[in-house]
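Have the picture open as you read.

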Amino acid sequence: MNLKSIIPAILCILVGFFMSNFMFNQYEKETTSKVSNEKNTVYFLQIGVYSSLESMKENLSNVETYIYEEIDNLFYAYVGIIKDTSNLEKVEEYFKDLEYVIYKKEKKVSSESFVEVLNQYDLMLKETTDTKTIGIIMNQVISKYEELVLNDQN
């Protein structure tokens, strides 16, 4: 090889390197998002639907922990979240003993950290029959949902 062909080849490689480096640095790493965001199906245990926030707070004053969402000027209140349907009957029986009517509502959750925590609570629910423990677990699940999902959205 002679010097006339080596110098242009080296210059082409250097220009290609600097141009590609420039192009890749144009993308901001923080603004990228996942193309596929897998969502997990979980079951929210709804305790009621209310027409106003005041009405909901008044009717649920004796409920220890709950979350709510507003859809079309209606307030949907939830007292529990489970993933494993085998626990559903046990939890419904717990709320029935407290004289609450519970409706199961299927929703999608994309927070992997919350789903991992929920799986652990579902395992604990499978192992217990104590009503006090079931109540504590439901309160903890609602608190974790607020912490890991609702607070992350804000």
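How far apart are the end C-alpha atoms of helix α4 (residues 112-127), and what should its 16 residues span? At 1.5 Å a residue the span should be 22 Å, and the end C-alpha atoms are 23 Å apart, which agrees. The expected span is 1.5 Å times one less than the number of residues.

Before going on, keep in mind that this is a predicted model, where local features need pLDDT of at least 70, side-chain atom pairs count only at pLDDT 80 or more, and totals for chains, interfaces and linings use all residues. Residues are numbered from 1 along each chain as its sequence is written, and side-chain values use heavy atoms, with hydrogens and water left out. Helices (H or I, at least four residues) and strands (E, at least two) are DSSP runs, numbered from the N terminus.

Buried means under 20% relative accessible area, exposed over 50%, and partly exposed in between (1.4 Å probe, protein chains only). In α4, the buried residues are Phe114, Val115, Leu118, Tyr121, Asp122 and Leu125. They cover an arc of only 120 degrees around the axis, which puts them on the same side of α4; the arc is that of the directions from the helix axis to the C-beta atoms. An α-helix has 3.6 residues a turn, so residues three or four places apart point the same way. On the face turned away from the buried side, α4 carries the exposed residues Glu116 and Glu127.

**The sheet**

Four strands form an open sheet in the order β2-β3-β1-β4, with antiparallel pairing. Its edge strands, β2 (67-71) and β4 (103-109), each pair on one side only. Two strands pair if DSSP finds at least two bridges between them; β2 and β3 (residues 74-82) are joined by 5 bridges. Within this pair, Ile67 stands opposite Tyr78 in β3.

What joins the side chains of Thr65 and Asn139? A polar contact of 3.4 Å does, meaning a pair of N or O atoms within 3.5 Å; within protein, one must be able to donate a hydrogen and the other to accept it, and residues adjacent in sequence count only if both atoms are side-chain atoms. As for Asp72, its C-alpha lies 35 Å from that of Thr133, and the two are 61 residues apart in sequence.
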